[in-house]
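Please read the following points with the sequence and the model side by side.

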Amino acid sequence: MEITSNTFKKNAREALADPALQRAMSHVRSGFIDKRARAAAALPEFDEIRDTGRDIKNHTLAHLDLYLEAYEDRVRSAGGEVHYAETAESALETVLGICRKANAKTVTKGKSMIAEEIGLNEYLEEHGIEPVETDLGEYIIQLRHEGPSHIIAPAVHLNKDQVEESFRAAHTDLPADRDLSEPTSLLNEARGILRERFLAADVGITGANFLVAETGTSVIVTNEGNGDLTQILPRVHIVVASIEKIVPTLNDVSQIMRLLARSATGQDLSVYTTFSTGPRRPDDPDGPDEYHVVILDNGRSEMLGSEFKEALRCIRCGACMNHCPVYQAVGGHAYGWVYPGPIGAVLDPQLIGIEKAGNLPNASTFCGRCEEVCPMRIPLPKMMRHWREKEFERHLSPATARYGIGLWAFFARRPRLYQWATRWAMRVLANGAIGKGRYTSLPLAGGWTKYRDFPSPEGDGRTFQEQWAARRKSA
Amino acid sequence: MSDRETILGKIRRSLAVDTNDVGRRAIVIARLEGTPRGIVPKRGQLPAEQRVSLFSKMAEKVSGSVGRVAKPEDVPRAVAEFLRENNLPAAIRTGGDPLLAGMPWDDTQVEVSHGPSDGGDPVGLSHAVAGVAETGTLVLTSGPDNPTTLNFLPETHIVVVAAEDIAGDYETVWDDLQKRHGKGHLPRTVNLVTGPSRSADIEQTLLLGAHGPRRLHIVVVG
Amino acid sequence: MADEKARRPKVGLFVTCLVDLFRPTVGFAAVKLIEAAGCDVEVPAAQTCCGQPAFNSGDDGDTRAIARGVIKAFESYDYVVAPSGSCGGMLKLHYAGLFNDDPAWKARAEAFGAKVHELVSFLTDVRGMKDVAARFPGSVTYHDSCAGLRELGIRDQPRQLLGSVEGLKLVELKDANVCCGFGGTFCVKYPDISNAIVERKTEEIVASGAETLLAGDMGCLMNMAGKLQRENRSVSVRHVAEVLADMTDVPPIGETRES
């Protein structure tokens, strides 16, 4: 996937000027937020479970090496194989190796952000294997050659007419008079097409929401059932998951399960939560003959020792982006890489480098709503600020901004000089707006006055400090 | 060095720990063996009969339908009735589950075929080993007599669950499963099913029947 | 008399730069309210800004220097009060973390932080104020500024005191807890996005039907006032302290007496 995080400002401007996108984004504002609030309110223990969820993840991360070993033992004893991949390249080679051994021509895929992160589809295509996305949203964006714009609702940036257009372009034997104007007919069309692909696939690739150390189990959560058809029909099931998906026990999973769907879609539980342990057993009538887990690091082990380690608690529910005013305004593609929104602003600089993703942690008003709703209580604004510190230390922030802050700080550190300077500045500013109370344009504040008026200082521009000192003197 | 060694080494460096720390190992073993429960919502902690009511209420809330019969012998008639009422063919596909196999299907007009599904069966019938009242969730396990494909490929999925197997919470189900399959062991597939398949990927419009069953009917026995 | 005087806590008013420069009335309103709550108020001359522009730009060096200055100027008071949730949150919650490598200053920053309060929550939560002697006929709506709401838990306090203002009718603003798009340096760095966010906010403000918009932070207020005025809306904008202190003789933000 091409990285365009560097042009975030341009991406955002285009997104704001795109009426179709703006129409689609209104569904995010109206849908996810109220549903989450209702689901959370309906479970009195919700906030307490957020605490235990956070504690479970912290405990697991502090013993991650040992839980990985325990998990691996269990998978092997259930007849599955575990493959470690330090980098995206290593994960891709491992997956390709398994597919080649299975003589695979087509693979079906459950929705997996890790697969997006490592660019699995492009890689398989380059090597002559056809990947078929089966989550409805993922299928739609695959037809459109787009990346996901949201981590749980990948096609949330699209409207139904755009979906119809894509289906008509891709499903060439579709009669022209077939009505596809409603979401139901679109869903049925996709169901029919994908059913054949499910039954024909040689390999099924899914992600994992959890890897359970106690039992060597991978867990996926879906509403459509596509992940299940992906993992039970083909001969080979490959799970791609990153190291922080480990959770110690089934009871621990149960805690976090109670948070995931409520935070994501406002459901009490997603429709299908499926626990898979190894390949089919000797007498099983169905299920895959082979079961592989590819465990990806891709920079996370380093993150574990950094100020960003709390971001490894993330369970990919998407609540942070749903509640983010910036995400709501510009959508996910503007962020320019796989993970958008507040969690993306923390993860992307780690995964693709702060040089490429520096814009993202800056594009936040620090309103704190992401942290407020994060089921894992990840302090996202604090982490975005840590990235800003790193940028500042490494002189990556724009020179004009650094110069501006430096000049401002020079005065802010010297109260007497500051008060002298501001007295004059406010007088000038007040004089310039006599009779109007505000400016419609102002030099050096073009960003502001392009869209808003700028209030002039109250009255004659005498500062509070100046007036206070005068009152004290006369008292 | 293998990717495995590299990753585990980097994790230990980041955590500033070494492999010989027996204290850490003991903590991990204790958690895996002790499997402490976290916070279990009060919602499901009810006497048996109320648990069944909550289960039914929650299952209906997520667009499942629920019927109830007094004893296993009554299930075939209830299933036949459901099929008739919904204009569905009187044919079901099921595994060899002993509970279902022991029912008097011959007393009805319902044609029963056995084995996994290849996608051609309109109606699948399964036996859930448990229900969870908290969320109206069914727990289905794979095994020689319980093909997983039946849970996903047919357009209509009928699931039989015994009232006495309806627990208040997930934790109770895990305990029961481990008693049956051994500590630290699960069947190949455990499906937690909460309502029929759905998607909201197009304009956030919720639609039933994405890739899995469009319809989920539960028969509670007892 | 001496005893009486001794019992009155001493409050250092952290004016905040935007109040100092753009809206001195808020400073005087704060003084009036804090005095009404039984305290003596002083305004240390050695103050400028809380340091957020530097802090949020990742410039910890300058932020630390500013923080040391603020702590030195204010640590002798019983309480430090700011008419802003954003600056209050900065002083209270973020200073200590700047000194993780300097235990002595960290301890000072923590002790200082414990004394810091946002104005309205200080009046109600610390001083037990239940009502104010003020009159403001008309309908008002209230925007919850992000830092005050989420860092300091300020939500009910201003509504409670506004409820005691004679003639005032409070109508709730839909999505009152959603950011207005100001975000300090954000509105300068990302003007297009900031505008998209504030546009949505002004839409809700207008839809509320209120004649006056109130909030507790000058940054948000200048942003929303500027947008409302650019859109030629007839909603007036004021800091909540002006209404609570009955000091609404000055024209609303961005307006003159004639406008």
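1. Which domains does the domain assignment of chain B give? The assignment, automatic or from a database, gives domain 1 (3-34) and domain 2 (46-221), and their centres, taken over C-alpha atoms, are separated by 41 Å.

2. This is a predicted model, in which local features need pLDDT of at least 70 and side-chain atom pairs count only at pLDDT 80 or more, while totals for chains, interfaces and linings use all residues. Residues are numbered from 1 along each chain as its sequence is written, and chains are lettered from A in the order in which they are written.

3. Between chains A and C, 52 residues of chain A are in contact with 61 residues of chain C, contact meaning that C-beta atoms placed from the backbone lie within 7 Å. The side of chain A that touches chain C divides into 25 nonpolar, 12 polar and 15 charged residues, where Asp, Glu, Lys and Arg count as charged, Ala, Val, Leu, Ile, Met, Phe, Trp, Tyr, Cys and Pro as nonpolar, and the others, Gly among them, as polar.

4. In chain C, C:C17 is found in helix α2 (residues 17-22), helices being DSSP runs (H or I) of at least four residues, numbered from the N terminus. C:C17 counts as buried because it has 24 C-beta neighbours inside 10 Å, the cut-off for buried being 20 or more other C-beta atoms within 10 Å. Leaving aside neighbours within four places in sequence, C:C17 is in contact with C:T48 and C:C49.

Definitions and conventions
Two residues are in contact if their C-beta atoms, placed from the backbone, lie within 7 Å. Helices (H or I, at least four residues) and strands (E, at least two) are DSSP runs, numbered from the N terminus. A residue is buried if 20 or more other C-beta atoms lie within 10 Å of its own, exposed if 12 or fewer, and partly exposed in between; C-beta atoms are placed from the backbone.
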